[in-house]
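Please look at the sequence and the structure before reading on.

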Amino acid sequence: MKRRALAAILAVATVAALATACSSSKSSGGDDKGLALSTEGKGKTITVWLQGDAKGWQDVVDQANQRFEQETGAKVDLQWQNWQNYTTKLDSTFAGSTGIPDVVELGNTQMASYMAAGAFADLSSLKSKFDNSDTWMKGLLDTTVYSGKQYGIPYYGGVRTVIYRKDMWQAAGITAPPTSLDELFSDLDKLKAAHSSDPNFSAFYMPGQYWYAAMTFVHDAGSTIATEKDGKWTAQLNSAEAQKGLENWKKLATEYSSGGATKNEADQDGVMAKGHVATIFGSGWEMGVVADPKTGDPKLKDQLATFAMPSETAGKFMPSFFGGSDLAVPAKASNQGLGAEWLRIFTDQQSMTALAKYAIPNSSALLDAYQGQSDANKISGQAAQQTWVTPTSPNWANVESGNILQNMLQDIATGKSSIADATKAADEKIDSTLNATG
Amino acid sequence: MTAARPGRVGGVRAAGLPYLLILPAVLIVAAVAGWPLVKIVILSLSKQESSKFALFHHRGSTPFVGLDNYTAVLTDSNFWTVVIRTVVFTAVNVVISLLLGMAFAILMNRVSNWARLLLTAVLLFVWAVPSTVSSQVFYWMFNNQFGVVNYLLDKLPGVHMQGHDWFADPVQGLAVVSVVVIWGALPLLAISLHAGLTQVPPDVLEAARVDGASSWQSFRNVTLPYLRPLLIIMTTLSIIWDFGVFNQIFFMRNGHPEPGYQTIGVYMYAEGVGSSRYNVGSTIAILMMVAVFAMMAVYVRQLIRMGDTE
């Protein structure tokens, strides 16, 4: 009886809180202050948009859904999404007033433009209710805050490392992972020589549109994509340092890679599984895709290992792009309180510890749990300590959706343009895109 | 219960019936085609303020700016590059698909019944394949490493196509796209033109032969004049379809056609939807529609003329 009374009070309180949250969000377009977690979901269904990557950790999703449904009585309608043209879908959804999900996943590089556009509910007042919120990974935390307000919850991240075929590398007479870029190139020469009879062989498969990889070389050479001064962005790809980095990337993409000049990295795991590729640059979970019976070749399961991409400076690694995802509650969602509660459960200690088996969880406090899983995790956990992220301009998403970097790199990889010309043209586009107003 | 016999509805009450019956169709067309069209025209005449924010909150006003968007698009050199590329792409595709369609039609006219039946069945099958599927299939056939096209070409003496990347150069890439477009256009053209060929009176052809006309002469001077109205309609329709090609390019370039692959339809998507600049996209859409309407005029005029002669 007592419990029921308490539940009733709680329900009234949440409804009241929700009502104020809704009304204020409607009147002021997103900068509400009263959003509360809700556990009153009987007869309701919340819609959650997660990217298909999470099919790799379905057990984590399932246990969170189960706990959420038990606790609130609401149902979860999980709708799998696809990164391809995702921002276009988000734009058209948020522009409307129906079919808006209660929870969305966004790439950490996509967050800024949506936070600036008031697309998400302000979760600042709830931050302390989220587990590990004081140790959230910096590469994610930075992408969830806009003008001092918390609009998103860090979800997971990852860094890319070199994934190689132990059998092929050993057969080519290489015994230890390279410790400098020069050493990597000379190792690849040995691999290339050992497979000279295979015209489809890639000592290192590097797709021509793989901008995360190319920009890693740019950062290793001491440059970056664009810098900001007094609110004005200046693209840096035409700088001498960046061109030097791209020179190294081009060598990899043209001398040691075959067949990928006009492709992106989306299917590189399947390509590797076909047996003509000795090395790729990818996230740790991609090893699972390469060796998956459905998408790859299970015989390769014990033949894959990783090392961090060696820097041009001997003994160092290249800084890694910290790619990842954040989660947010849309400002126009109809079940904001429930959506936030689902988020709380999906990112709590229990969920994130389970997630640590598959990806770098949202908190540095859980990094040990991640690194303890495998040798590969140990290496990527190390690489995750020195990272780079894309420019934090709200317009950055337009650089991505405009394919500016991909087109530039493809022109370089296919030899259509020189590095100097391609970077000059790209810089002009990046400048005008990042500094666009209105 | 005595069922009313059909045809007894006659009299004055039935006069309005046809209008009543067509009303739902008119309403649906007005709702799904008319209203969006009005919105697109309005969009193309307004200015888009702070893009995403205005989009999500309807807050930023969208002031009427007259033809500013049109001036901006029409003075953009990229737009004209795309227009020229589209015209060339359309011309090449229309000419080749009509020539091949005609060749198929003549072939169907000559072969025995079972062969014609088989050919028709195959053509219908091609027709039934959605362009999204055929684009994927052809994309794989032209894959640089494991595609069957390179494999077969490489077998030819003196030809080295191993690892050749068809999509590195947009001209070659668009040629591959053309193969898919023409492949998909052939069935309708071949079957329609074949139907047209059967309408050419055999006695006239016979007379021409008796008069000593070669087969080219009788085709040129007897068959073609009979086919002329049909050919004009098929050409106009082909131009309209090839002008608006989107799927094949979009799918063969993995959803992100490079600038060199942008024909007007793809350009409109990339500039409008792809980069959330809906006013620009609408403006290009209207310009594209005007161009298509101009081509349609030829088609409609021919239809009316054909009605007159009958």
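What percentage of the 438 residues of chain A count as buried? The share is 52%, where a buried residue has 20 or more other C-beta atoms, placed from the backbone, within 10 Å of its own.

The model is predicted, so local features need pLDDT of at least 70 and side-chain atom pairs count only at pLDDT 80 or more, while totals for chains, interfaces and linings use all residues. Residues are numbered from 1 along each chain as its sequence is written, and chains are lettered from A and ligands numbered from 1 in the order in which they are written.

Chain A contains 18 helices and 15 strands, which are DSSP runs numbered from the N terminus (helices H or I, at least four residues; strands E, at least two). The C-alpha trace spans about 75 × 50 × 35 Å along its principal axes. For 438 residues a compact globule would have a radius of gyration near 22 Å, and the 23 Å of chain A agrees with this; the radius is taken over C-alpha atoms, and the globule rule is 2.2 Å times the number of residues to the power 0.38.

An automatic or database domain assignment divides chain A as follows.

| Domain of chain A | Residues |
|---|---|
| Domain 1 | 2-157 + 324-376 |
| Domain 2 | 160-322 + 385-434 |

The C-alpha centres of domain 1 and domain 2 of chain A lie 32 Å apart. Their contact takes 13 residues from domain 1 of chain A and 16 residues from domain 2 of chain A, with two residues in contact if their C-beta atoms, placed from the backbone, lie within 7 Å. On the side of domain 1 of chain A that touches domain 2 of chain A, helix α4 (residues 111-116) gives the most, with three residues.

Definitions and conventions
A residue is buried if 20 or more other C-beta atoms lie within 10 Å of its own, exposed if 12 or fewer, and partly exposed in between; C-beta atoms are placed from the backbone.
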